[in-house]
Amino acid sequence: MSTPSLLHRLYLRRDRGTLPIDAVIFGAVLAGLYALFGVGRVWLAPYTPAAEISRSPWSLPLYSMYSLARMGMAYVASLVFALVYAYIAARNKVAERLMIPCLDILQSIPVLSFLPGVMLAMVALFPGRQIGLELGSVLLIFTGQVWNLAFSFYASLKGLPRELMEASRTYRFGLWQRFYQLELPFGAIGLVWNSLMSVAGGWFFLMACEMFQLGNRDFRLPGLGSYLQTAANEGDTASILWGLAAMIIVILLLDQLLWRPLIAWAEKFKFELVESASAPHSAVLAWLARSPVLAWLERKVIAPAWEAANLRVARMEREARERPPEPPAAWQAAALRAVAIGAVVVVLYGVVRAGHSLMELTVSDVVALLRGAEATFLRVMAALAVGTLWTIPVGVAIGSRPRLAALAQPLAQIAASVPATALFPVVLLVLLRLGGGMGLAAILLMLLGTQWYLLFNIIAGAQAIPTDLKEAATVYRFSGWERWRLLILPGIFPYLVTGLVTAAGGAWNASIVAEYFRFQGRVMSTPGLGSTISHATDSGNFQLLLASTMVMAAVVVTVNRLLWRRLYRLAQTRYQLG
Amino acid sequence: MAQPEPIIEARDVEQFYVQQDGHRTQILSPTSMAIAPGQIVALLGASGCGKSTLLRILSGLARPAAGEVLWHGKPARGQQLNVGIVFQSFALFPWLSVIENVEAPLKARGIGAFDRRKRALRILDTVGLDGFEKAYPKELSGGMRQRVGFARGLVVEPEVLFMDEPFSALDVLTAETLRGELLELWSSRKIPTNAIFIVTHNIDEAVELADRVIVLAHRPAHIHDDFLVGMPHPRDHKSPRFLELVDHVYKVLTLPDETHVLPAAHAAEQEKHAPLPHARPGGIAGLVEILGDRGGSDDLYHLAEELAMDLDDLLPIVEAATLLGFVEVVEGDARLSASGRAYAEASIDQRKQIFREAALERVALLRHIQSALRSKNDHALPAEFFRDILDERFSDEEAHRQFQTALDWGRYAEIFEYDSGSDRLTLQDTLTPAP
């Protein structure tokens, strides 16, 4: 797992004047959002039966199942899509030039900014039925997870050692055999770690979806998120505690029964030819490996079926290869060109219509929009600053003590998985009792959601500082301050930047939920871009919704380019250790 | 002997890249070469000079920018070449066990599970990895990993086995062991491939393994030299011919602007191969005496008639006498030389002396036996030792006869003693005077 290097590679590759492609993609996103919101606009007076969320602890197992089911569906869809997307991008030069910038931008746009629009659209498409909302939540989670996974697999495909590829070509591996014997195993470890992170992020979005309410419109879905929100709404402390307990149990179970075994199993795919002394272990995996039933299944059922399927595929591929290649029919090329032109026309049309629509905004609207953007931006920076202040000392302390690190890392992973959005209603309750405002609550929520990424990365960074540099610092008797200034801070800098990027993305996402929230019968909001988006949806101001969503996307991507990418380059050139 | 049809042939293949400004970077100049069956070919050159590029073009992994590659006379482009390839870094799949790695190419060819396992186990046995089927590459040492690489390359029974610096990543002793095993498998034909093409930067390795060495000079890469080694296996790294070849290659590589001529194998080497005519010292003495009686020369036919011998039976004796320098044959006449005349008129002791001198001077085999015996502390060696050497050059029966003749001459000339009981030869440094 090496998020710093994965993201490094993306950012360094992209610096070759891709502005025209970016513009195209932005145009496409604008047109897409216009279409999406247009659908939602059709819906005028809804009748979504308000979801009855029970507060009884006995409904918790059921609600947990619902939440897990949504996560599961979204994850499987993300994985399959990501594998296909990454494979095409890695193996086709033409596609790559479009697909990777696309991935970059879509990865940066805060998913929750679509939340109101997507929910509206889905309800419009499937009026009066629960399925619209369910699909909407799955779609949102999918959007949040897929780009990370796609990029991980793409990076590993690009990084395949040349000699292994040559061996597979010389020995006539078909595409399928190469995929499951070489490409997929090589990318397995990256996929496992990124799945862990993506699913953690997915919980964040899922909880936000489940408790979504706008004005007097109720988009809630039965699940853990809505349970906690309902309980907090009524001030029912006991239920809140039950809900929190349930969530933690679910996260723990997932960790022990799914992620730990997967990580231990993925050790098999490590591309090091040295036996690692500290390989991760999983009791569950060991138990599964010893199970006689599973062994019998594998031997008698799975292995023969797999073998037969592979031979069949190999034979089909061989026959396809032996057939003389037909020259591509003229009509195929013409059709492809027609489709491409058609797509461009549609996008242009969408952009033009969207532009017209946006012109209907009043000046005061625009001013409010920009002020809101500024406010949210400041909040995000504040959250990052506070987070950095406490995670750096703690992270370095943990990272420098290996035994402590071995203990803390799994805990940090679990903590990162606990969705801050689920905690938000609870936080709000506490804050209201203490007398704080929504502005503070927003910052707190952003902090809660994102500080774990910072901690995580800083621990990794502290661990990565080479021992000989530390020894040199001791021999030359660096003072405490000098040690920090000359060794530790520069050493963790690349990891810090990675953590900041992820944290910033999470903070922007949190702002949508945090700045405009319906609680205890009233709408609580604080001026900001997130609240503008939610308010626009609530009041049906379609143009404002489109404009504010685009502004948020543009701000995040611009900050990415201007700030984070510069910092990355700095990290890569001046602060790279070895 | 007609040249066997080459398996792979490259005709004017080139590799270059055209930069954005139109400038061409030439990696490989137009090169033509062929790989024939039954040969080990070594491609030698400094690091980074394009040898790997040429290997990849020949094996079908890379397409040349110009020129074409033929597989059995037909363009290689549309065909599936039956080759195997062994890499410097082993290129094993870490997540597959040894047997899974070896079976993978068979799987690609659609061979069923049972047959795959059988073939894989057989080839693993051949390379000496019996018992390691279920091991994973990270559990194996470097030498064993490369054996897996060999097994994988050979399991498809390739027509050509390509090797890209296969021993460079191994320590010296392991590399030597593997080289020796490769040669043994090749010589005993246990290796199911028709030709081996090895790329290396190690001159010693190339001269030790290859039947044919191609030297690549660089900037841009081109064939600078292409010669046959012509030594039987196993080759002694310290033998003069070996050192000569290494030296030659070294000069070619370090002084590429001069032309270097490969020195021909020494006459002495060729002499050693000359068979002894089967004649006894007594017969030689008799011939010389008769010729002396006839005034020093006589017609061969006449001589044969007079002696009531077939010319065929007389000829070996004449040849032997010629070899020893006692007789010259000029236009069908046998003529005594000066030393022959001296021999005819000498006493028995003197004759032995003259014979011994002539034998040591002009018969390489006897010289060789003498120096071998001298090199030992006890000046004795089993006769088997010399029989083995003769075995290499002659058929069983002929080798036996050759050895008998050499034994006769050596004993007569008192170069050595032979004890038939222990089958040992012992050096005799001086002549014992006749009683």
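**Note on the two-chain model**

1. Start with one pair of residues. Ala10(B) has Met33(B) as its bridge partner, and Met33(B) sits in strand 2 of chain B. This is a predicted model: local features need pLDDT of at least 70, side-chain atom pairs count only at pLDDT 80 or more, and totals for chains, interfaces and linings use all residues. Residues are numbered from 1 along each chain as its sequence is written, while chains are lettered from A and ligands numbered from 1 in the order in which they are written.

2. Strand 1 (residues 8-18) and strand 2 (residues 24-35) of chain B pair in the antiparallel sense over 8 bridges. Strands pair if DSSP finds at least two bridges between them. Helices (H or I, at least four residues) and strands (E, at least two) are DSSP runs, numbered from the N terminus. In the hairpin, 5 residues lie between strand 1 and strand 2 of chain B. Gly22(B), in the turn, has a positive phi of about 90°.

3. Chain B also has an open sheet of 3 strands. Its order is 11-13-12, with antiparallel pairing. The edge strands are strand 11 (297-299) and strand 12 (327-330) of chain B, and each pairs on one side only. Neighbouring strands of this sheet are turned by 20° against each other on average, direction ignored. Strand 11 of chain B pairs with strand 13 (residues 333-336) of chain B over 3 bridges, in the antiparallel sense. There, Ser297(B) has Arg335(B) of strand 13 as its bridge partner.

4. Axes are lines fitted to C-alpha atoms, for helices over the stretch in contact, and angles run from 0 to 180 degrees between N-to-C directions.

5. Now a helix pair. The axes of helix 3 (residues 113-126) and helix 4 (residues 142-155) of chain B come within 9 Å and cross at roughly 130°. The two helices are therefore oblique to each other. Angles under 35 degrees count as roughly parallel, over 145 as roughly antiparallel, 65 to 115 as roughly perpendicular and the rest as oblique. Helix 3 of chain B gives Arg119(B), Ala120(B), Ile123(B) and Leu124(B) to the contact, and helix 4 of chain B gives Ala151(B), Leu154(B) and Val155(B). Contact means that C-beta atoms, placed from the backbone, lie within 7 Å. By class, this contact has 6 nonpolar, no polar and 1 charged residues. Ala, Val, Leu, Ile, Met, Phe, Trp, Tyr, Cys and Pro count as nonpolar, Asp, Glu, Lys and Arg as charged, and the others, Gly among them, as polar.

6. Next, the domains; their bounds come from an automatic or database domain assignment. Chain A has domain 1 (60-274) and domain 2 (365-578). Their centres, taken over C-alpha atoms, are separated by 21 Å. Each of these domains of chain A gives 34 residues to the contact. Chain B has domain 1 (8-82 + 158-265) and domain 2 (281-427). Their C-alpha centres lie 46 Å apart.

7. Last, the chains meet. 25 residues of chain A are in contact with 21 residues of chain B. Helix 7 (162-170), helix 8 and helix 12 (292-322) of chain A each give two or more residues to this side of chain A. The largest share, 6 residues, comes from helix 7 of chain A. By class, the side of chain A that touches chain B has 12 nonpolar, 4 polar and 9 charged residues.

Terms used. Contact = placed C-beta atoms within 7 Å.
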